[in-house]
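Subject: Structure handover and notes

Hello,

Please find the structure below, followed by notes on what turned up in it.

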Amino acid sequence: MSDGVSRQIRQLVGKRAEFCCEYCLSPVDYSPDPFCIEHIWPRALQGSDDQANLAYSCLGCNSRKFVATEAVDPMTGEMATLYHPRHDRWADHFSWESDRTLVVGISATGRASVQRLELNRDGIVNLRRVLRACGVDPMIPNRQLHLPI
């Protein structure tokens, strides 16, 4: 996928993200589509190619975020900034439902991001279910669960 980022930078950004989408946490190894190097602050809004402005993103999250930097918090109806992988901690804005298949926004930023990026879209939720059934924890995609046999 051509996003104007060198192969070396793409590798560095992917490695920093442990080759998982920095928004929905989907692992690249299980994605049917290539991942993107996403400009957190979009180029269209004068965002730079500096590594601090780049995130590893699945095609679904990247397409839904597009050039947005904020969205409506569905709880308050107010505008909220979207999750920023370089400035925000994921756990400060999101949690998991008990079976770890649904992401829950726990802040205005989290709720706005869940809605705008559709972090619980059918394909992602189904992937999380399959990964759990195979013993891969969607919360920590590169680590195996210790499931009773």
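How many salt bridges does the count come to? The count comes to six salt bridges, where a salt bridge is a side-chain nitrogen of Lys or Arg within 4 Å of a carboxyl oxygen of Asp or Glu.

Before the details, the conventions. This is a predicted model, in which local features need pLDDT of at least 70 and side-chain atom pairs count only at pLDDT 80 or more, while totals for chains, interfaces and linings use all residues. Residues are numbered from 1 along each chain as its sequence is written, and side-chain values use heavy atoms, with hydrogens and water left out.

Salt bridges

One of the salt bridges is between D49 and R43, with the closest N and O atoms 3.1 Å apart. For burial I use relative accessible area: buried is under 20%, exposed over 50%, and partly exposed in between (1.4 Å probe, protein chains only). D49 is partly exposed at 45%, and R43 is partly exposed at 38%.

R64 and E118 form another salt bridge, their closest N and O atoms being 3.4 Å apart. Helices (H or I, at least four residues) and strands (E, at least two) are DSSP runs, numbered from the N terminus. R64 is partly exposed, with a relative accessible area of 28%, and E118 is partly exposed with 39%.

In the salt bridge of R111 with D73, the closest N and O atoms are 2.8 Å apart. R111 belongs to helix α4 and D73 to the loop between β3 (70-72) and β4 (79-81), so parts that are 38 residues apart in sequence are tied together. Both R111 and D73 are buried.

Aromatic pairs

Six aromatic pairs are found in a search of the whole structure. Rings of Phe, Tyr and Trp (its six-membered ring) pair if their centres lie within 6.5 Å; planes under 30 degrees apart count as stacked, over 60 as edge-to-face and the rest as tilted.

Why is the pair of F19 and Y56 edge-to-face? The ring planes of F19 and Y56 are at 85 degrees, with the centres 5.9 Å apart, so the pair is edge-to-face. F19 sits in the loop between α1 (7-16) and β1 (36-39), and Y56 in strand β2 (residues 54-57), so the pair ties together parts that are 37 residues apart in sequence. F19 is partly exposed, at 29% relative accessible area, whereas Y56 is buried, at 8%.

Y56 also pairs with F35, in a tilted arrangement: 5.0 Å centre to centre and 45 degrees between the planes. F35 is in the loop between α1 and β1, 21 residues from Y56 in strand β2. F35 is buried, as is Y56. Separately, ring pairs link Y23, Y83, W90, F94 and W96 into a cluster.

Helix α5

Helix α5 (residues 122-133) has 12 residues and should span 16 Å at 1.5 Å a residue; its end C-alpha atoms are 17 Å apart, which agrees. The expected span is 1.5 Å times one less than the number of residues.

Which residues of α5 are buried? They are I124, V125, L127, R128 and L131. Seen down the axis of α5, these fall within an arc of 160 degrees, so they line one face of the helix; the arc is that of the directions from the helix axis to the C-beta atoms. The buried residues pack against β5 (94-96) and β6 (103-105), contact meaning heavy atoms within 4.5 Å. On the other side of α5, D122, G123 and A133 are exposed. After α5 comes G135, with a positive phi near 90 degrees.

Regards
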